[in-house]
Amino acid sequence: MSDYRVIHRKQDLGMKISSLYRQEQLAVGIIDVSSGSDLESTLKWFVSSFDFSLHVITTEERADEMALSDLYPEVTFILFKSKMTIGDYINALADVCYTTYFLVFRSDAVLIEYDGSFLMNALQDRNHPSVITPLMLSEDGEVMPTLRAPFLRGREFDPLSFTPTVDETTLEANLYPQMGLGLYDRALFQRLRAYDTQIGGDYYQAADFGVRSHLLGHPIFTSRALSIQFPSKRSLVEDRSECEGMARFYTKALSIRRIAGKNVVEKWKPYVDKELLNSEVKKKQVIIQKTDFFSLMKNWKGVEAT
């Protein structure tokens with residue numbers, strides 16, 4: 001049984017018929033994470049400025065309280081019974097939107113740059129990235145350190161942080177999409193099996209998706225062509241504390257070593273999900289994984305010219 005219900009946007013008959021013969025290119029999903037006034041101002045901006053399919057991910061209580069579906073009939077609403085993880089929200093958006101690409105956004109942010117031509121060319125490149133993440137600016141206009149690089153401190157996953165450049169002609173490697181924000185290739189996202197919602201924390205969900213994407217051969221980039229600003233944030237803090245299902249991340253990310261061109265399974269103690277190791281890693285992941293986490297650390301490249 002689904003944890004959410006969908007109120008689809010109202011379309012006239014002509015739009016419904018035409019949509020049968022073409023797939024829309026882009027959907028925008030706005031995750032409701034702040035005040036009702038933030039959500040409404042973000043919605044108003046996108047409705048007036050973006051000619052793409054709009055989706056809002058929020059709770060039934062919030063939608064009813066603000067009468068959102070009546071106020072915005074051109075918007076699709078994905079309504080959860082209660083607050084869930086970022087992974088739950090993004091997976092639902094990917095299932096509902098039926099577009100080639102989808103952009104994950106937040107109600108407490110402002111879109112300040114979107115170069116659609118550049119971004120689509122980058123997503124269709126031979127590298128076939130799974131997601132392009134945004135340059136993020138603080139309330140003061142400072143670029144925040146949202147680039148992550150793979151790193152281990154002892155047995156602990158402890159990614160390094162860097163500040164992106166503001167060069168329009170480069171794509172900078174990023175380990176995972178912070179807060180899930182970014183422009184995704186929908187078909188590839190689903191082939192990668194989306195976000196693992198058996199992991200209970202947003203940070204480890206995003207890290208799991210990002211590392212898995214890289215290990216299966218699909219990079220993640222950050223680009224100035226997609227830039228957002230947080231009007232009421234000076235910095236972004238990730239909750240990296242232990243969470244339910246955290247061992248699932250470690251098991252998928254670090255249980256395979258690539259030795260002499262072959263994948264070999266080794267338990268990554270002390271974080272082992274034995275059931276996942278036997279059912280997924282040993283039977284499926286070991287066959288399709290292109291590299292390992294240790295090679296990612298050794299060969300990490302920060303910038304790719306376009």
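**View 1. Tyr-4 and its aromatic partner Phe-80 in the predicted model.** Tyr-4 is partly exposed, with a relative accessible area of 23%, whereas Phe-80 is buried at a relative accessible area of 2%. A search of the whole structure finds 24 aromatic pairs, and one of them joins Tyr-4 to Phe-80 in a tilted arrangement, with 5.2 Å from centre to centre and 45° between the planes. This pair links distant parts of the chain, since Tyr-4 belongs to strand E1 (residues 4-7) and Phe-80 to strand E4 (residues 76-80), 76 residues apart.

**View 2. The edge-to-face pair of Phe-80 and Tyr-89.** The ring planes of Phe-80 and Tyr-89 stand at 70°, and because planes over 60 degrees apart count as edge-to-face, the pair is assigned to that class, with the ring centres 5.1 Å apart. Tyr-89 is buried, its relative accessible area being 8%.

**View 3. An aromatic cluster and two charges over rings.** Phe-157, Tyr-176, Tyr-203, Tyr-204, Phe-249, Tyr-250, Tyr-271 and Phe-293 form one aromatic cluster. The charged end of Arg-155 sits over the ring of Trp-268, at 3.7 Å from its centre, and Arg-257 lies over the face of Phe-294, where the distance to the ring centre is 3.7 Å.

**View 4. The hairpin formed by strands E15 and E16.** Strand E15 (residues 256-259) pairs with strand E16 (residues 262-265) in the antiparallel sense over 4 bridges, and Ile-259 stands opposite Lys-262 in E16. Between the two strands of the hairpin lie 2 residues, and Ala-260 in the turn has a positive phi of about 55°.

Notes: Residues are numbered from 1 along each chain as its sequence is written. This is a predicted model: local features need pLDDT of at least 70, side-chain atom pairs count only at pLDDT 80 or more; totals for chains, interfaces and linings use all residues. Side-chain values use heavy atoms; hydrogens and water are left out. Two strands pair if DSSP finds at least two bridges between them. Rings of Phe, Tyr and Trp (its six-membered ring) pair if their centres lie within 6.5 Å; planes under 30 degrees apart count as stacked, over 60 as edge-to-face and the rest as tilted. Buried means under 20% relative accessible area, exposed over 50%, partly exposed in between (1.4 Å probe, protein chains only). A charge sits over a ring if NZ of Lys or CZ of Arg is within 6 Å of the ring centre and within 35 degrees of the ring normal.
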